[in-house]
Amino acid sequence: MAGTVGFIGLGAMGTEMARNLQRAGYRLRVWNRSAARAEAFAGQDAVACATPAEVGEGAIAVVSMVADDNATRAVILGP
């Protein structure tokens, strides 16, 4: 495997990008505001994380694909 990548934001675009990373051989640590989207990845070389901070643990990179500036601030600066 190529390593672990963190992925935040699993909407229409984020889901496809995350799937492409999986197809390329990366394991994922994922988080989404609606946990069901992250849980859909669990068990497929992916770990659904409880918080955005958990996504980066052991990851070689973290991708954030969220809707707008406010969502970005919430992910980076939130609890």
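**Structural briefing**

The structure, which is a predicted model, holds 1 salt bridge. That salt bridge joins Arg-29 to Glu-57, with 3.7 Å between the closest N and O atoms. Distant parts of the chain are linked by this pair: Arg-29 belongs to strand 2 (residues 26–31), whereas Glu-57 sits in the loop between helix 3 (52–55) and strand 4 (61–64), 28 residues apart. The points below turn to the overall fold, the charges and several individual residues.

**Fold and dimensions**

- The protein contains 4 helices and 4 strands, and along the sequence these follow the pattern β-α-β-α-β-α-β-α.
- With a radius of gyration of 11 Å, close to the 12 Å that the globule rule gives for 79 residues, the protein is as compact as a globular protein of that length.
- The C-alpha trace spans about 35 × 25 × 20 Å along the principal axes of the protein.
- Among contacts in the protein with a separation of 6 or more, 47% are accounted for by residues 24 or more positions apart.

**Surface and burial**

- Buried residues make up 34% of the 79 residues of the protein.

**Charges**

- The protein carries 7 positive and 7 negative side chains, and 3 Å separates the centres of the two sets.
- Side chains of opposite charge can pair when their charged atoms come close.
- Arg-29, the positive partner in the salt bridge with Glu-57, has a relative accessible area of 15% and is therefore buried, the limit being under 20%.

**Gly-6 in strand 1**

- Gly-6 lies in strand 1 (residues 3–8) and is buried, its relative accessible area being 0%.
- Beyond neighbours within four places in sequence, Gly-6 is in contact with Arg-29, Val-55, Ala-59, Ala-61, Val-62 and Val-63. Arg-29, one of these contacts, is also the residue that forms the salt bridge with Glu-57.
- Gly-6 and Cys-49 are 43 residues apart along the chain, and their C-alpha atoms are separated by 9.5 Å.

**Ala-48 in strand 3**

- Ala-48 is placed in strand 3 and is partly exposed, with a relative accessible area of 24%.
- Not counting residues up to four places away in sequence, Ala-48 touches Val-30, Ala-38, Glu-39 and Ala-42.
- Between Ala-48 and Gly-6 the C-alpha to C-alpha distance is 10 Å, with 42 residues of separation in sequence.

- Asp-45 is located in the loop between helix 2 (35–39) and strand 3 (46–48). The phi angle of Asp-45 is near 55°, a positive value in a residue other than glycine.
- At 43% relative accessibility, Asp-45 counts as partly exposed.
- Ile-60 is found in the loop between helix 3 and strand 4. With a relative accessibility of 58%, Ile-60 counts as exposed, because the threshold is over 50%.
- Leaving aside neighbours within four places in sequence, Ile-60 is in contact with Ala-2, Thr-4, Val-5 and Tyr-26.
- The C-alpha atoms of Ile-60 and Arg-23 are separated by 17 Å, and the two residues are 37 residues apart along the chain.

Note on methods. Residues numbered from 1 in each chain as written. Predicted model: local features only at pLDDT ≥ 70, side-chain atom pairs only at ≥ 80, totals over all residues. Heavy atoms only, no water. Helix = DSSP H or I, 4+ residues; strand = E, 2+ residues; numbered from the N terminus. Rg over C-alpha atoms; globule rule 2.2 N^0.38 Å. Buried < 20%, exposed > 50% of the residue type's maximum accessible area, 1.4 Å probe, protein only. Contact = heavy atoms within 4.5 Å. Lys, Arg positive; Asp, Glu negative; His and termini not counted. Charge placed at Lys NZ, Arg CZ, Asp CG, Glu CD. Salt bridge = Lys/Arg side-chain N within 4 Å of Asp/Glu carboxyl O.
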